[in-house]
Amino acid sequence: MSDTIPALHGVHHTAFPTWKPKSTVAFYRDILGLKVRHAITAKGWGPEKHPDFLHFFFDAGNGSTIAFFYYIGTEPRPDLTGPRGYLGTARHTAWTANSPEELQAWRARLKQHGVAVSDEIEHETIRSIYFRDPNGYPLEITLQSRPLEPADIRDAELTLDAMCETFGDHESKATIEDMWRRKGAMVRQIMAEAR
Amino acid sequence: MPSLFVLDVPEFAPLLEGAEKSYRVSRKAGYAAIMAPDELVIERAASGLGDAIWYGALTGGYEGRVREFNAERLRIAKE
């Protein structure tokens with residue numbers, strides 16, 4: 001077996017169920033202005049009781065698409081589409097803006113079309129706006145404020161090491177303070193070893 | 001000695017500039033260590049940090065015991 005790890009080349013598509021196909025098209029195609037790329041229709045494909053459905057794709061730039069399934073005649077599942085609170089926003093889609101002006105223009109366009117959109121939120125190395133689609137799915141458009149340096153990346157790797165050692169797979173009763181103290185010990189060592 | 005480790009990047013520069021007025025700050029290997037002989041206190045108002053950076057300010061790790069960390073103040077005491 002080869003030890004070579006194959007590469008990934010960015011997102012082709014992510015897909016979500018919708019029970020609002022008309023509003024979804026109006027939002028993604030007409031408000032966000034994304035080009036329709038592909039649409040599949042199928043009847044009775046898949047396991048028993050699998051409904052008839054459509055699967056359609058919008059171009060989100062750089063070869064990526066966002067896609068939806070509309071399962072005809074099924075009961076809407078609000079638990080899947082628009083859960084509120086932090087668990088509902090954890091799973092989200094964030095697209096790239098290329099400049100501060102582009103991020104501002106997106107915010108202005110969303111507001112102009114009556115979409116509730118956040119202020120620009122400054123994070124460590126990105127700046128973002130947040131909004132939701134008609135299904136309730138959380139969306140983000142983000143601008144990389146500065147390129148990530150090797151020190152940023154090493155720090156992220158150390159944080160993940162500290163996280164895995166501290167929390168494992170959620171079986172530990174450790175706190176974030178425990179993790180920060182472990183990280184502190186790691187950083188102390190790196191500084192001590194540096195010339 | 002209570003110490004706070006901060007990644008030495010532009011986002012944390014205001015925090016480090018503020019800390020240098022009161023504490024010893026040592027920079028090495030892409031990190032800055034803020035060291036206090038007794039207790040390390042950083043006031044949010046003086047640091048000028050927005051939410052995302054302030055609430056993530058302990059990401060680099062620390063030594064000591066966090067006695068207070070809220071929207072206004074970070075206080076790390078001795079073990």
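This report describes a predicted model containing chains A and B.

## Overall form of chain A

Chain A contains six helices and eight strands. Read from the N terminus, these elements follow the order β-α-β-β-β-α-α-β-α-β-β-β-α-α. The radius of gyration of chain A is 21 Å, well over the 16 Å that the globule rule gives for 195 residues, so chain A is more spread out than a compact globule. The C-alpha trace of chain A extends over about 65 × 45 × 40 Å along its principal axes.

Of the 195 residues in chain A, 16% are buried.

## Domains of chain A

Three domains are assigned in chain A: domain 1 covers 8-81, domain 2 covers 83-147 and domain 3 covers 150-193. Taken over C-alpha atoms, the centres of domain 1 and domain 3 of chain A are 39 Å apart.

## A mixed sheet in chain A

Chain A holds an open sheet of four strands in the order β5-β8-β7-β6, and its pairing is mixed. Strands β5 (93-96) and β6 (121-122) of chain A form the edges, each pairing on one side only. Two bridges link β6(A) with β7 (residues 126-132) of chain A in the antiparallel sense. Within β7(A), A:Arg127 stands opposite A:Glu122.

Helix α4 (residues 100-112) of chain A packs on this sheet, where it touches β7 and β8 (138-144) of chain A. The direction of helix α4 of chain A makes about 15° with that of β7(A).

## Loop residues with positive phi in chain A

A:Asn62 is not a glycine, yet its phi is positive, at about 55°. This residue is found in the loop between β3 (53-61) and β4 (64-71) of chain A. A:Asn62 has 9 other C-beta atoms within 10 Å and is therefore exposed, the limit for that class being 12 or fewer.

A:His170 is a residue other than glycine with a positive phi, near 75°. A:His170 lies in the loop between α5 (150-167) and α6 (176-193) of chain A. Because A:His170 has 6 C-beta neighbours inside 10 Å, it counts as exposed.

## An antiparallel sheet in chain B

In chain B, four strands make an open sheet in the order β2-β3-β1-β5, with antiparallel pairing. Strands β2 (24-28) and β5 of chain B stand at the edges with a single partner strand each, so one side of each is left without a neighbour in the sheet. Strands β1(B) and β3(B) run antiparallel and are joined by five bridges. B:Phe5 has B:Ala33 in β3(B) as its bridge partner.

Helix α1 (residues 13-20) of chain B packs on the sheet and touches β1, β2 and β3 of chain B. The direction of helix α1 of chain B makes about 135° with that of β2(B).

## Strand β4 of chain B

Side chains alternate along strand β4 (residues 40-43) of chain B. Strand β4(B) pairs with β7 (residues 73-77) of chain B in the antiparallel sense, over four bridges. In β7(B), B:Arg75 stands opposite B:Val41.

## A buried glycine in chain B

B:Gly64 is found in the loop between β5 and β6 (65-69) of chain B. With 20 other C-beta atoms within 10 Å, B:Gly64 is buried, a class that requires 20 or more.

Leaving aside neighbours within four places in sequence, the contacts of B:Gly64 are B:Pro2, B:Ser3, B:Leu40, B:Ile76, B:Ala77, B:Lys78 and B:Glu79. The C-alpha atom of B:Gly64 is separated by 15 Å from that of B:Tyr23, and the two residues are 41 residues apart along the chain.

## The contact between chains A and B

The contact takes 19 residues from chain A and 21 residues from chain B. On the side of chain B that touches chain A, at least two residues come from each of β1 (3-7), β3 (31-35), α3 (51-55) and β5 (62-63) of chain B. The residues of that side of chain B comprise 12 nonpolar, six polar and three charged.

Conventions: Residues numbered from 1 in each chain as written. Chains lettered and ligands numbered in written order. Predicted model: local features only at pLDDT ≥ 70, side-chain atom pairs only at ≥ 80, totals over all residues. Contact = placed C-beta atoms within 7 Å. Nonpolar A, V, L, I, M, F, W, Y, C, P; charged D, E, K, R; others polar. Pairing = 2+ DSSP bridges. Rg over C-alpha atoms; globule rule 2.2 N^0.38 Å. Axes fitted to C-alpha atoms, helices over the stretch in contact; angles between N-to-C directions. Domains from an automatic or database assignment.
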